[in-house]
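Subject: Handover of a structure for your review

Dear colleague,

Please find below the structure that I am passing on to you.

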Amino acid sequence: MNLVTIAWKSIRQRALASFLTALSVALGVTLMVSVLVVHGIVDRIFSQNASGYHLVVGAKGSPLQLVLNTIYHLSSPVENIPYLYYKELKANPRVENAIPICMGDVTMEGNFRIIGTSPEFFEVDYHPDKKFRVRGHFLEDDFDAVIGSQVAKTNGWKIGSTFQPAHGVADDDHVHDEKFTVVGVLAPTGTPNDNGVYIHIDGFYQIAGHEKPADEAAAKAAAFEAAQQASGGAKKVVVEAAPKATVAPKKEQHDHAGHDHAHHHHELPDEQKEVTAILINAKHDTASIMLRATINEGPYAQAAIPFQEINWILNNVVGNVRTLLVIMTALILVVSGVGIFVSIYNSMADRRREIAVMRALGAQRTTVFAIIFLESILLCVGGGLFGVLLGHGMVVIAAPILEVRTGLLIDPWAFETLELVILPVLIALASLVGIVPGMTAYRTDVAKALHA
Amino acid sequence: MSLRLKDVRKTYVEQDGTRLPILGITEFTLQTGEQVALVGESGGGKTTLLNVISGITVPDAGQVVIGNTDVTRLSEPARDRFRALKIGFIFQTFNLLPAFTALENVLLGMSFSGQKSDTKRAKDLLDRVGLSHRLQHRPATLSVGEQQRVAVARSLVNRPALLLADEPTASIDAQHQTKVLELIREACREHNCALLLVTHSPEVAGQFPRVERLKDFNHPQ
């Protein structure tokens, strides 16, 4: 019979006390694992998605809010910017892709965000070397919709399903008359795109109420043009004059097979159109830097670097919260360690005779020390391993909720490298708390204890 | 393997500094395979004598020679190892470990001697003491007599040269006393193991060919 077996038998002899002390360690480790895993997932997903585009352009204000809203579908939408501005950026020679993003509506079922965009959105990698894959096809006609995998799963929508957008990101009673038809379902990407409903930007502008009032639009267009003229920096962005939009009836009618659109068919002049944001990929990194500087100097818009904004939030908010939580859970572990110490130390008085018997049978001082020490290690490590399983188990339970609420695709069994530290830390903790009871066993006066 | 004590002295010092001489043995011997009953009054030093012989307690002076080894000259780890290999111990209160089954209690004796666990031998010994049907029972589920028989099996598992028994029948009823005593003596005969059995019972002592009174050869000063 080896020493581990002997230690294990002693633990089993005090089953309830042993279970409770191991459980306290397990709960501490559970918390730590949960914090690490969730933070790791958030970190990866934010970093992954943030690296898809060079710049996000939107109305002046908080760049962080712009990025969170446009890419992560979090936070409230920012102010809109003129469609003309989008057209100018698209024509800029430094720009590889300029993708318009229009927000403001949600689905009635599931409250998923509806994003009006151009078909180009799906041509650009959402992450380096990761392209969108779709069952069905991408946006072609005005009233086409492509939905994220989570939307399809939650709402039970498939190709051919139709829906009417509801106005406003917040709860709103107003439902638009226009009907959109699902023509494609995106393969899971593990990004907030899974929670998006993408409609054709031309269809978005045909939704009643999405046009800017004509007089307001005219005034804003004039102001925009004047601002462009006044701003030398902004002129650098504009390489060709914004084409004057004309109010003309749209030639196509949406009466093709499979579509039954109860909506008004009207073509908006560009002056009456707005976009919430523009996703930009520059032709090269230097162009991206210059473009950003120029846009930010202008009066109309700001350009935010997604990676930078997310890094800021990860370092200054998420990182600090994680550090705080890790410190708290580390303290819990220390308290658990003290619990183990108290449990083993208190049992020593009852076990003095047992230890003396072992010594009388020939066990050396170091042997009885090792047995008590091993008990501490087994309780700590056993509790810790249970805690790791429990921690990941909690993430398994929380993952679907987090996915629905944040659009983050979570792998509950994603292993954080920092988790590797837990085991050595637990062994060190167990060693620390096992020393004193071990020494008590070591110093046991055999003759006295045998005849006490 | 014989036992020889020569000029052994042991004095305890009380907390208030009072000296309490407990052993003063000029000469005491036990031949290989010999069985001796040691009788004496409570507090007379019987248990201390057993502790000194087994190396649990170190005498202040003198020699304790078992076979060719003077136990008093060994380091503590060496004494522990010597005790594990050469000396069997039976206690008055059996001292079985409650977390272990009968079989495991017997195997425990082997674990500390550094020998490979010989489950077959442990089972054979338990069979020999009539407990082959109680191998997996823990001490709490065994009768007093059964516990003492497990203790006997445990004391013999390493084939000791010397068996020290401290009032092994004091806790069991008269009916079982004779059986247990016979069991111990028979086992020692089988293994050619010297037996030094401490008892305060004249009936128990009367069954031994040699009876020693501690006060006759122990003169603490």
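This is a predicted model: local features need pLDDT of at least 70, side-chain atom pairs count only at pLDDT 80 or more; totals for chains, interfaces and linings use all residues.

Residues are numbered from 1 along each chain as its sequence is written, and chains are lettered from A and ligands numbered from 1 in the order in which they are written.

Overview of the chains

Chain A holds 13 helices and 13 strands, whereas chain B has eight helices and nine strands. Helices (H or I, at least four residues) and strands (E, at least two) are DSSP runs, numbered from the N terminus. Of the 452 residues in chain A, 46% are buried; for the 221 residues of chain B the figure is 48%. A residue is called buried if 20 or more other C-beta atoms lie within 10 Å of its own, exposed if 12 or fewer do, and partly exposed in between, with C-beta atoms placed from the backbone. Among contacts with a separation of 6 or more, residues 24 or more positions apart account for 79% in chain A and for 72% in chain B. Two residues are in contact if their C-beta atoms, placed from the backbone, lie within 7 Å.

The sheets of chain B

One open sheet of chain B has four strands in the order β2-β1-β4-β5, with antiparallel pairing. Its edge strands are β2 (19-30) and β5 (69-70) of chain B, each of which pairs on one side only. Two strands are taken to pair if DSSP finds at least two bridges between them. Strand β1(B), residues 3-13, is joined to β2(B) in the antiparallel sense over 10 bridges, and B:Thr11 stands opposite B:Pro21 of β2(B).

Another open sheet of chain B has five strands in the order β6-β7-β8-β3-β9, with parallel pairing. Here the edge strands are β6 (87-90) and β9 (210-213) of chain B, and each pairs on one side only. Neighbouring strands of this sheet are turned by 20° against each other on average, direction ignored. Axes are lines fitted to C-alpha atoms, for helices over the stretch in contact, and angles run from 0 to 180 degrees between N-to-C directions. Strands β3 (35-39) and β8 (194-199) of chain B pair in the parallel sense over five bridges, with B:Leu196 in β8(B) as the bridge partner of B:Val36. Helix α6(B), residues 174-191, packs on the sheet and touches β3, β6, β7 and β8 of chain B; its direction makes about 160° with that of β8(B). Helix α5(B) lies across β6 and β7 (162-166) of chain B, running at about 170° to β6(B).

Helices and cores

Helix α3(B), residues 102-111, is mostly covered, with 10 of its 10 residues buried. These buried residues pack against α4 (119-128) and α5 (144-156) of chain B. In α4(B), the residues B:Ala122, B:Leu125 and B:Leu126 are buried. They cover an arc of only 100° around the axis, which puts them on the same side of α4(B); the arc is that of the directions from the helix axis to the C-beta atoms. Just after α4(B), B:Gly130 takes a positive phi of about 80°.

The largest nonpolar core has 112 residues, and B:Val106 and B:Leu195 have the most contacts inside it. Such a core is a set of buried Ala, Val, Leu, Ile, Met, Phe, Trp, Tyr and Cys residues joined through C-beta atoms within 7 Å. A second, separate core of 67 residues includes A:Val151, A:Trp157, A:Phe180 and A:Leu186.

Contact between the chains

Where the chains meet, 18 residues of chain A are in contact with 24 residues of chain B. On the side of chain A that touches chain B, α1 (3-13), α10 (306-360) and α13 (446-450) of chain A each supply at least two residues. The residues of that side divide into nine nonpolar, six polar and three charged. In this division Ala, Val, Leu, Ile, Met, Phe, Trp, Tyr, Cys and Pro count as nonpolar, Asp, Glu, Lys and Arg as charged, and the others, Gly among them, as polar.
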